[in-house]
Amino acid sequence: GGRPPPLPPSPQGEKKRKSEVGEVDKQLDILAIGTAVGSILLYSTVKGELQSKLDGGHDSRVNCVRWHQESCCLYSCSDDKHIVEWNTQTCKVKCKWKGDSSSVTCLCISPDGKMLLSAGRTIKLWDLETKEVYRHFTGHATSVSSLMFTTVKPTNESKPFDGITGLYFLSGAIHDRLLSVWQIRSDRKEKNAVMSFTVTDEPSFVDLTVSEVKEEPVKLAVVCRDGQLHLFEHILNGYCKKPLTPNCTIQIATPGDGDSTPKPVPILAAAFCTDKQSLLLVYGNALQPIIEKVSLNSSESHICLVRDIQKVLSLKTDAAVTKVKTPVVNSDAKVLVPGIPGHSTAVKTPASGKEKKKNKRKPGETEESIEERLGALDIDVSKVKTPGGLPQTDSFAVLLVQGLESNDAEILNKVLNTRKENIVKNTVARMPIHAVIPLLHEVRDLPFFASLMVRWLKSVFTVHASYLSTLPDLIPQLGMLYQLMESRVKTLQKLSRLHGRLFILVTQVAASQTVQDVPEVNQTAKLVYEDESSEEEGSDDEMIADKDSDENWDEDEEKEEQSDEQDMTVEKEINGDSDLEPENESEEE
């Protein structure tokens with residue numbers, strides 16, 4: 001967000017000037033706020049309400065919003081790789097262009113207002129009139145989080161100044177402990193950083209004093225994610241090979257009075273005052289920050305400020321905590337604790353006087369049994385209870401987490417070998433989220449049958465789908481599973497063919513046996529024939545076999561013909577209604 005500065009008076013007559021000044025007065029209190037859905041909100045700080053909403057520019061998260069110095073123009077960049085120039089009077093898109101091959105994370109406008117720096121993985125300098133890339137810089141390995149100009153005049157004044165050549169700017173990126181400084185050169189070659197500042201952690205807030213004259217050093221205040229503040233002071237004069245270390249580091253801690261140990265207090269942000277000799281520090285709790293002015297006269301390289309912020313913050317939080325009441329539990333009540341390690345708390349039994357009071361029940365009212373309570377929770381009690389009396393899914397969830405954390409094959413085999421669908425579902429539902437990925441890896445490497453693997457996978461994907469969809473590296477995590485499934489499915493076709501052939505062989509053997517038995521039965525042919533037809537109609541296969549046997553059942557050729565016909569009938573059976581039983585399936589796999 002940011003506020004637009006006032007406009008310079010226009011040379012085109014008095015009327016125009018008045019209207020413009022009026023517009024600016026209206027605009028001065030406006031904050032621009034980018035949202036995660038791609039719209040930009042213009043908020044009036046004076047009225048304390050939303051003035052307008054800029055829509056239709058981005059279709060993904062807005063990462064940075066910058067006001068132009070001289071007009072009511074607003075620039076924004078987004079994860080959708082585009083930069084948008086807005087007209088805030090009409091709330092319409094003035095211009096939109098692609099800024100990077102990946103998302104554009106940061107913007108900065110040049111001191112003369114004619115150029116725009118944008119950063120994704122690379123840093124580009126755009127001409128705002130033509131919207132063409134004027135210069136190109138290497139950038140960082142990760143996405144850039146801060147971008148700002150550090151000088152307003154070039155260090156070499158021999159050539160006429162074009163408003164941009166010779167200027168330095170600074171960039172910082174996430175997970176990067178170096179802040180880079182770049183110089184805009186006159187040659188068009190892609191340039192590397194001319195110098196860098198080293199800090200202790202990822203920079204979360206950067207402020208600087210802009211160098212206006214050649215000899216004036218740039219002062220830099222960098223707040224890191226670890227809560228420390230680093231101050232640098234350096235004259236920007238060309239290339240410097242070695243990363244520069246901070247001149248001074250400031251930390252804040254609580255006083256270690258009595259037996260309490262001093263605790264660090266995180267610095268959240270810092271800004272230079274107009275005199276450039278003192279700093280405004282923001283520290284403490286993000287919801288209730290403390291702002292303090294600190295002068296920078298010290299020559300020490302490390303300053304630790306002692307501030308007792310516990311008194312300020314703890315009073316309100318303590319009062320809120322004491323309102324929580326401990327439930328009253330009598331001695332023979334069993335407490336069921338969620339199956340997460342570290343969450344099993346001891347039962348506190350309150351004073352006996354209170355206990356008697358609480359346990360008085362109206363006549364005729366009985367205490368609910370655990371079974372009834374479980375029933376109210378919609379859990380099938382008969383399946384959950386084990387001979388030991390423990391709720392099995394709870395103990396299974398605990399066992400599973402223990403097995404995953406300790407990598408104990410014995411425990412994992414005991415849990416993962418469970419064939420009961422209900423127990424698998426309940427265990428997956430009760431396990432903590434952090435165990436989901438380790439469980440998937442474990443299931444993937446199961447040495448035994450795929451039918452077990454599928455049961456666990458099905459439960460994990462149905463219960464924890466929303467969590468899994470938030471993981472950025474989900475595809476590599478599940479890649480192995482896809483490959484496993486594909487290889488399994490490929491063998492299915494071969495298996496079904498093999499099953500078909502085996503089935504044909506078995507029926508042929510059975511048929512040939514009945515053929516061999518026929519002559520003995522034929523001695524009393526008429527009686528047996530009538531008897532068979534009354535009990536059960538002979539199958540087509542047997543009829544064919546009988547006919548063959550009457551003529552000549554020793555010849556191989558005829559047997560082959562018969563097998564072809566059986567082939568057809570068997571294939572129909574397999575295609576229509578496969579008799580692959582799940583048990584057979586797992587054995588064959």
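Lys276 is placed in the loop that links strand E21 (267-272) to strand E22 (278-285), where strands (E, at least two residues) and helices (H or I, at least four) are DSSP runs numbered from the N terminus. The model is predicted, so local features need pLDDT of at least 70 and side-chain atom pairs count only at pLDDT 80 or more, while totals for chains, interfaces and linings use all residues. Residues are numbered from 1 along each chain as its sequence is written, and side-chain values use heavy atoms, with hydrogens and water left out.

**Loop lysines with positive phi**

- Lys276 is not a glycine, yet its phi is positive, at about 65°.
- With a relative accessible area of 24%, Lys276 is partly exposed; buried denotes under 20% relative accessible area, exposed over 50%, and partly exposed the range in between (1.4 Å probe, protein chains only).
- Lys131 sits in the loop between strand E10 (123-127) and strand E11 (132-137).
- The phi of Lys131 is also positive, near 60°, in a residue other than glycine.

**Surroundings of Lys131**

- Lys131 has a relative accessible area of 18% and is therefore buried.
- Its side chain makes a polar contact of 3.2 Å with that of Glu85; such a contact is a pair of N or O atoms within 3.5 Å, and within protein one must be able to donate a hydrogen and the other to accept it, with residues adjacent in sequence counting only if both atoms are side-chain atoms.
- The backbone oxygen of Leu128 is reached by the Lys131 side chain at 2.5 Å.
- Beyond its neighbours within four places in sequence, Lys131 is in contact (heavy atoms within 4.5 Å) with Glu85, Cys95, Trp97 and Trp126.

**Cysteines**

- A disulfide is a pair of cysteine sulfur atoms within 2.5 Å, and by this rule the count is zero.
- Cys73 takes part in no disulfide, the nearest cysteine sulfur being that of Cys72, 8.4 Å away.
- Cys73 is buried because its relative accessibility is 3%, whereas Cys91, at 23%, is partly exposed.

- Leu412, Val415 and Leu416 are the buried residues named in helix H7 (residues 409-416).
- These residues lie on the same side of H7 because they cover an arc of only 85° around the axis, the arc being that of the directions from the helix axis to the C-beta atoms.
- Glu410 and Lys414, on the other side of H7, are exposed.
- At the start of H7, a side-chain oxygen of Asp408 comes to within 3.0 Å of the backbone nitrogen of Glu410.
- In helix H8 (residues 421-430), Ile423, Val424, Thr427 and Val428 are buried.
- The buried residues of H8 fall within an arc of 125° seen down its axis, so they line one face of the helix.

**Confidence**

- The protein chain has an average pLDDT (the predictor's confidence in each residue, from 0 to 100) of 76, and 67% of the residues score at least 70.
- Over residues 532-538 pLDDT stays under 50, and the model has one contact for them beyond four places in sequence.
- Residues 577-589 also stay under 50 in pLDDT, with 14 contacts beyond four places in sequence.
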